[in-house]
Amino acid sequence: HDRSSVACSCAEDQSERAKAEERRFRDSNLPNVISPHTFTDWDHDTEGTAEMFEAASRFAHGEGPTVLVLCGGVGAGKSYMLEAIGRFCFDLPWTTVRYETSKSLLDNLQSTFDRDNPSTFQSLMDWYQSRSVLLLDDVGAETSTEWRISQLTDMIEHRLQYGKRLGITTNLDRGEMVD
């Protein structure tokens, strides 16, 4: 008798699914792995945050506008809400999420920019644009140059044009955002 063993294909499939799920989570870049921020854990007694919670929850459920901008001062809970949106959306099937500070996103894009070889930059830009939900924290806190503003504007316009969801937090007020 030949006693060689063969791995069950269902075990291989399960292993591949687990690896794909790990990659999807790594690609999401969601912060606070040890103590994740979720809608469930939100302190509903925090004064003046009910409207933000409602807007974030609706956005996470795919209701209302495809772009959500959370404005307010430091400590208002904007980044918490952005992460909660990301964690909620990540649990939806076939949804890809990316959480990033705008500074980090622009640094990543700028590091790949080469006029003589634009393909690396374009591949990274396309990867960001392909995410079902893109979450940008601290827009306006980054060092602004004409190039960086142009890339951020292009990304926002693309997501608006194609109905892709985009969540943004900023400490800037409406007038500063327009500028």
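In strand β4, Ile168 is the bridge partner of Val69. This pairing belongs to a predicted model. Strands β1 and β4 run parallel to each other and are joined over five bridges. In general, the strands of a sheet pair through backbone hydrogen bonds, in either a parallel or an antiparallel sense.

The sheet as a whole is open and has four strands. Their order is β1-β4-β3-β2, and the pairing is parallel. Two strands form the edges: β1, residues 67-71, and β2. Each of these edge strands pairs on one side only. From one strand to the next, the twist averages 10 degrees.

Strand β3 has a partner on either side in this order. One partner is β2, which spans residues 97-101. β2 and β3 pair in the parallel sense over five bridges. Within this pairing, Thr101 has Asp137 of β3 as its bridge partner. The other partner is β4, residues 165-170. Here the pairing is again parallel, over four bridges. Leu135 stands opposite Gly167 of β4. Between β3 and β4, the chain passes through helix α6, residues 146-161. This β-α-β crossover is right-handed.

How many of the five residues of β3 are buried? Five of the five are buried, so the strand, residues 133-137, is largely enclosed by the rest of the structure. Burial here means a relative accessible area under 20%. In a regular strand, side chains alternate between the two faces of the sheet. Both faces of β3 are covered. Val133, Leu135 and Asp137 are buried on one side. Leu134 and Leu136 are buried on the other.

Helix α4, residues 102-112, lies across β2 and β3. Its direction makes an angle of about 95 degrees with β2.

Asp138 lies in the loop between β3 and α6. Arg24 is 114 residues away from Asp138 along the chain. The C-alpha atoms of Asp138 and Arg24 are separated by 23 Å.

How values were computed
Residues numbered from 1 in each chain as written. Predicted model: local features only at pLDDT ≥ 70, side-chain atom pairs only at ≥ 80, totals over all residues. Heavy atoms only, no water. Buried < 20%, exposed > 50% of the residue type's maximum accessible area, 1.4 Å probe, protein only. Pairing = 2+ DSSP bridges. Right-handed = clockwise from strand over helix to strand, strands pointing away. Axes fitted to C-alpha atoms, helices over the stretch in contact; angles between N-to-C directions. Contact = heavy atoms within 4.5 Å.
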